[in-house]
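Visitor: Please take a close look at the aromatic rings of this model. I would like to know how they are arranged.

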Amino acid sequence: MRFITGETWNDDQRAMFLERQAAYLRDVGMCFGPVEHRLGEQVIGLAGMSPLEHVAEYQVGWWIDPEWQGKGLATELARGLIRHAFDVLGMTRVLAVMYPGNHASRTVAERAGMRFLETRLASEIESRWKAEPCHVYVAEA
């Protein structure tokens, strides 16, 4: 969570996240959800797509358990999410938003074919995010 909120979520924050994902799934047909390793039933992270509040676009994102980081799984997830957005959903553009210090996510985005678009305040993208600079990456069909 160091690069998501800077702090561990409490029960209320986790519940709000899950409620928001359920609403996204109901309203737009997509959300962030658990990622299971393909060789077993172990949950190794969270990934998905969701709408962004203030920019009228969609984001792809990935959170991988530290035990599973560095194995190329986040890049595989990011590529799959981008392909799904373009090939199945017919989107022509998706974003990934990350804090500048999150070098691993930047590398994942670039390996997945995304390019740096701009630096913005996170709160300009989502009202619940902090007014801190974030990097926005883009993939275009």
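**Aromatic rings**

Guide: Phe17, Phe32 and Trp63 are linked into a cluster by ring pairs. The model is a predicted one, and its aromatic pairs number 3. A pair of aromatic rings is described by two things, the distance of the centres and the angle of the planes.

Take the pair of Phe32 and Trp63. Their ring centres are 6.5 Å apart, and with 35 degrees between the planes the pair is tilted. Phe32 belongs to strand E1 (residues 32-36) and Trp63 to strand E3 (residues 57-64), so this pair ties together parts that are 31 residues apart in sequence. Phe32 has a relative accessibility of 9% and therefore counts as buried, because buried means under 20%. Trp63 has a relative accessible area of 23%, so Trp63 is partly exposed.

Another pair joins Phe116 and Tyr137. Here the centres are 5.7 Å apart and the planes make an angle of 75 degrees, an edge-to-face pair. Phe116 sits in strand E5 (residues 115-121) and Tyr137 in strand E6 (residues 133-140), so the parts tied together are 21 residues apart in sequence. Phe116 is partly exposed, at 38% relative accessible area, whereas Tyr137, at 2%, counts as buried.

A last word concerns cysteines. A disulfide is a covalent bond between the sulfur atoms of two cysteines. The count of disulfides here is 0. Cys31 is partly exposed, with 22% relative accessible area, and Cys134 is buried, with 1%.

Note on methods
Residues are numbered from 1 along each chain as its sequence is written. This is a predicted model: local features need pLDDT of at least 70, side-chain atom pairs count only at pLDDT 80 or more; totals for chains, interfaces and linings use all residues. Side-chain values use heavy atoms; hydrogens and water are left out. A disulfide is a pair of cysteine sulfur atoms within 2.5 Å. Buried means under 20% relative accessible area, exposed over 50%, partly exposed in between (1.4 Å probe, protein chains only). Rings of Phe, Tyr and Trp (its six-membered ring) pair if their centres lie within 6.5 Å; planes under 30 degrees apart count as stacked, over 60 as edge-to-face and the rest as tilted. Helices (H or I, at least four residues) and strands (E, at least two) are DSSP runs, numbered from the N terminus.
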